[in-house]
Amino acid sequence: MARPYTFIFSTATLDGRIASVTGYSLLSCEEDFRLQHSYRAEVDAVMVGSNTALLDRPRLSVRLVKGYSPARVIVDSRLRVPPEVAGLRGASILVTVETHSWEKLKPYIDAGVTVVQAGRGRVDLAKALDVLRKRLGVRRLMVEGGGGLNCAMLHQGLVDEVRVSYAPYIFGGGVGLAECPGLFDGKNSRVELSLVRVERLCGDWLHAVYSVVRPKTPLL
Ligand SMILES: NC(=O)c1ccc[n+]([C@@H]2O[C@H](COP(=O)([O-])OP(=O)(O)OC[C@H]3O[C@@H](n4cnc5c(N)ncnc54)[C@H](OP(=O)(O)O)[C@@H]3O)[C@@H](O)[C@H]2O)c1
């Protein structure tokens, strides 16, 4: 199967949380926001999970630097994200499962959303990426969370790079940068990363880019 060149971008606390226990997730400083927008300007599409789409309603557009806004992709197996939210701003793609009826999908199409169906039960991410690449021409994809989507993408070997900004905070709980309990055991199954570069942002923030080393260990 084909897929776009894919990287995750997240801003996390030093203890790896992208949101606190109460759902607070505003972790970026000004330079980090600019970096995020410049990354968006590099890609054809930005992808988020259904929880992030519902909780944060992110615009996913390029506003702080020059460049075109990418297509927005929302991964939502159960159609929890309403059509008016999915189709809110710019070109939107909803990735969902193959079992939904035309009647359920029609309101999304009427709202201007392109619907991609991949998998049954839960979205088959590898298949979805194949469709994004081959049918919709997405060559570069940025995944902007949340932790559930990040983890599933990493677990399935669909990520080439992880770009993470570390905010100088510790939350002690909340949503992790990659959250899929039970899929990794940390010894026989893990994703290994290689550090490409690090830079300092706004004095106290760090930005690190890692490439994903193809796992030497089995992923299941
Ligand atoms: N600081 C940051 O950089 C940052 C960035 C983004 C988000 N956030 C925060 O992260 C939190 C949300 O993260 P989250 O982990 O709860 O949710 P998420 O990753 O945004 O969404 C997870 C949902 O995606 C859907 N999904 C569909 N197919 C999937 C698949 N194959 N694998 C995994 N998920 C699939 C699932 O719902 P269905 O089964 O219903 O489809 C799943 O519950 C929010 O608090 C948000 O503010 C922070």
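## The sheet

Two strands count as paired here if DSSP finds at least two bridges between them. On that basis, this predicted model has an open sheet of nine strands, ordered 6-5-4-3-7-1-8-11-10 with mixed pairing. Strand 6 (113-117) and strand 10 (192-201) sit at the edges; each has a single partner strand, so one side of each goes without a neighbour in the sheet. On average, neighbouring strands are turned by 20° against each other, ignoring direction.

Zooming in on one pair, strand 3 and strand 4 run parallel and are joined by five bridges. M47 has V73 in strand 4 as its bridge partner.

## A helix across the strands

Helix 5 (residues 125-134) lies across strand 3, strand 5 (92-96), strand 6 and strand 7 (140-143). Against strand 6, helix 5 runs at about 130°.

## Around the ligand

The ligand is surrounded by 31 residues, the closest being G49, N51, S77, G145 and G146. By type, that shell splits into eleven nonpolar, 13 polar and seven charged residues.

Among the elements that supply at least two residues each are strand 1 (5-13), strand 2 (17-19), strand 3 (45-49), helix 2 (50-56) and helix 6 (147-155).

## Y68, out on a loop

Y68 is in the loop between helix 2 and strand 4 (71-75). Y68 counts as exposed because it has 11 other C-beta atoms within 10 Å, and the cut-off for exposed is 12 or fewer.

Leaving aside residues up to four places away in sequence, Y68 touches A41 and V62. P83 is 15 residues from Y68 along the chain, and their C-alpha atoms are separated by 24 Å.

Conventions: Residues are numbered from 1 along each chain as its sequence is written. This is a predicted model: local features need pLDDT of at least 70, side-chain atom pairs count only at pLDDT 80 or more; totals for chains, interfaces and linings use all residues. A residue is near a molecule or strand if its C-beta atom, placed from the backbone, lies within 6 Å of it. Helices (H or I, at least four residues) and strands (E, at least two) are DSSP runs, numbered from the N terminus. Ala, Val, Leu, Ile, Met, Phe, Trp, Tyr, Cys and Pro count as nonpolar, Asp, Glu, Lys and Arg as charged, and the others, Gly among them, as polar. A residue is buried if 20 or more other C-beta atoms lie within 10 Å of its own, exposed if 12 or fewer, and partly exposed in between; C-beta atoms are placed from the backbone. Two residues are in contact if their C-beta atoms, placed from the backbone, lie within 7 Å. Axes are lines fitted to C-alpha atoms, for helices over the stretch in contact, and angles run from 0 to 180 degrees between N-to-C directions.
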